[in-house]
Amino acid sequence: MLLPGFRDFYPDDCATRNYIITQWRTVARRYGFVEYDGPVVESIDLYRKKSGGELVGQLFDFVDKGARAVALRPEMTPTLARMVAARERDFRKPLKWFSVGRFFRYEKQQRGRLREFYQLNCDIIGENSPAADAECIALLVDLLRQFGFNDDDFVVRISNRNAWSSFLDDEGASAERLSDFLEVIDKMERADPETTREKLKTLGVSLEAVTRFLQTPAAEHKSFAEVRANLEARELGKYVEFDLKIVRGLAYYTGFVFEVFDRRKKLRALAGGGRYDKLLALMSDDRVELPALGFAMGDVVLSELMHETPAAQSRLQNALAANRPAQIYLIIAKEERRLNALRDVQRLRDAGYTVDFSLVAAKVGKQFQTAEQIGARFAVLYGDEWPQVKIKTLATREEVLLPAEQLLDHLAARASR
Ligand code: HAM
């Protein structure tokens, strides 16, 4: 039985997943990011000490046969920080790295949240400037545009945790309670106002003060102004909004944070990220100090939004249609020609074509039907005409009769490999 929160990928699901991953890789590379990867199992301490927040309660953890407490990776950032801290000197800064892989979180299964999912992670390490923040946001926007979404479909909500530490300061509340306070703000949108009021009270802050602060115009936040100007120069300004309610649930974020949502607010977050300028120092006992930021985008909410957005849906369908299982289908009309056909199957495959044929004797009509169903462009008929073969272009019904020896030359000008 399939476990809750896990998925089987039948061929159609696999094709959709591969389409998503191909787009992720294409756009990340367009921005000069290079791919890396890490292990799927890590020591549990990596997440207990570095991720913090909700994630620690969602670990898929176990004790291995060597009595080590380990966990399936719930996110990439601690692994990335560990890898970079270990060999920092080997790389030119800033590092622009991306990774695609499977992740595991023992969450309650709900719409948009599973226990096994894919994430694209993109991170820039070794650059302090807001120019890096803007580059990350631009990449995030372009990733979503690549799927056919536009500013009617999604928005990147940007914020800065530092704004809230100044707020706590001004309110005379203890700075040590910042992470408890941010947790309340993180949940505020979905929580009942009275519960929020009570929680804030224990932290020495009133709901009214928080509500007032949330209304601060974006222009008053200098850090946002720089990122905004950078994105406007790229004509991407319309995709972002400043929103102090975004604070993110992970412990390592130090300032700038952001999350992507569908405009209709029907779905969970499509992606999220931010700056984690202290994580490398924490990981290396202060040996390596490098500013860092990045984000991750998951495949689950992305697929949901794709299915609800006609432009994205038609891009997906076009990509899937182009992804035919075989371009050439050999029709063996006379069983005594099977060995001749097999020789050509091999020659065509050696030349790089995708080729298929019936493994056992079948009616000619049935073989043609299969060729049509798999979307083959050409059917090549081995029958009475031998040593000539008939090549049929299935879409136009055009037929050409030529010696089998000329098959490869004939296709070279017409078929793609
Ligand atoms: P996160 O917000 O925990 O951030 O996850 C990023 C995205 O992964 C989410 O917006 C969502 O699309 C997807 N995701 C997370 N959990 C699940 C789940 N249970 N099922 C399906 N999709 C899920 C991080 O993971 C940070 N490490 C991102 C980051 C990279 N920050 C800096 N660099």
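This is a predicted model: local features need pLDDT of at least 70, side-chain atom pairs count only at pLDDT 80 or more; totals for chains, interfaces and linings use all residues.
Trainee: What omega does the cis peptide bond between Trp386 and Pro387 have?

Mentor: Most peptide bonds are trans. The bond that joins Trp386 and Pro387 is cis. Its omega is about 10°.

Trainee: Which residue is joined to Pro94 by a cis peptide bond?

Mentor: Pro94 has its place in the loop between α3 (77-87) and β5 (95-104). Its cis peptide bond has an omega of about -10°. The residue joined to Pro94 by this bond is Lys93.

Trainee: What phi does Glu235 have?

Mentor: Most residues other than glycine have a negative phi. Glu235, in the loop between α9 (222-233) and β8 (240-242), is not a glycine, yet its phi is positive. The value is about 60°.

Trainee: What is the radius of gyration of the protein?

Mentor: The protein has 15 helices and 16 strands. For 417 residues the globule rule gives 22 Å, and the protein is well over this, so it is more spread out than a compact globule. Its C-alpha atoms fill a box of roughly 95 × 50 × 45 Å along the principal axes. The radius of gyration is 28 Å.

Trainee: Where does the ligand sit, and which elements give two or more residues to the shell around it?

Mentor: The ligand sits in the largest pocket. The elements that give two or more residues to the shell are β6 (116-125), β10 (271-275) and β11 (292-298).

Trainee: How many residues of each class does the shell around the ligand have?

Mentor: In total, 26 residues surround the ligand, and the closest are Glu75, Thr77, Glu107, Asp123 and Tyr253. By class, the shell has twelve nonpolar, eight polar and six charged residues.

Trainee: How much of the accessible area of the ligand does the protein cover?

Mentor: Nitrogen atoms of the ligand lie 2.7 Å from a polar side-chain atom of Glu107 and 2.6 Å from a polar side-chain atom of Tyr253. A polar backbone atom of Phe295 is 3.4 Å from a nitrogen atom of the ligand. On its own, the ligand has 660 Å² of accessible area. The share of this area that the protein covers is 97%.

How values were computed. Residues are numbered from 1 along each chain as its sequence is written. Side-chain values use heavy atoms; hydrogens and water are left out. A residue is near a molecule or strand if one of its heavy atoms lies within 4 Å of it. A polar contact is a pair of N or O atoms within 3.5 Å; within protein, one must be able to donate a hydrogen and the other to accept it, and residues adjacent in sequence count only if both atoms are side-chain atoms. Accessible areas come from the Shrake-Rupley method with a 1.4 Å probe; for residues, only the protein chains shown count as cover. On a 1 Å grid over the protein atoms alone, a cavity is a set of points where a 1.4 Å probe fits but cannot get out, and a pocket is an open set with protein on both sides within 12 Å along at least five of seven lines; lining residues have an atom within 4 Å of a point. A molecule sits in a cavity or pocket if more than half of its atoms lie within 2 Å of its grid points. Helices (H or I, at least four residues) and strands (E, at least two) are DSSP runs, numbered from the N terminus. Ala, Val, Leu, Ile, Met, Phe, Trp, Tyr, Cys and Pro count as nonpolar, Asp, Glu, Lys and Arg as charged, and the others, Gly among them, as polar. The radius of gyration is taken over C-alpha atoms; the globule rule is 2.2 Å times the number of residues to the power 0.38.
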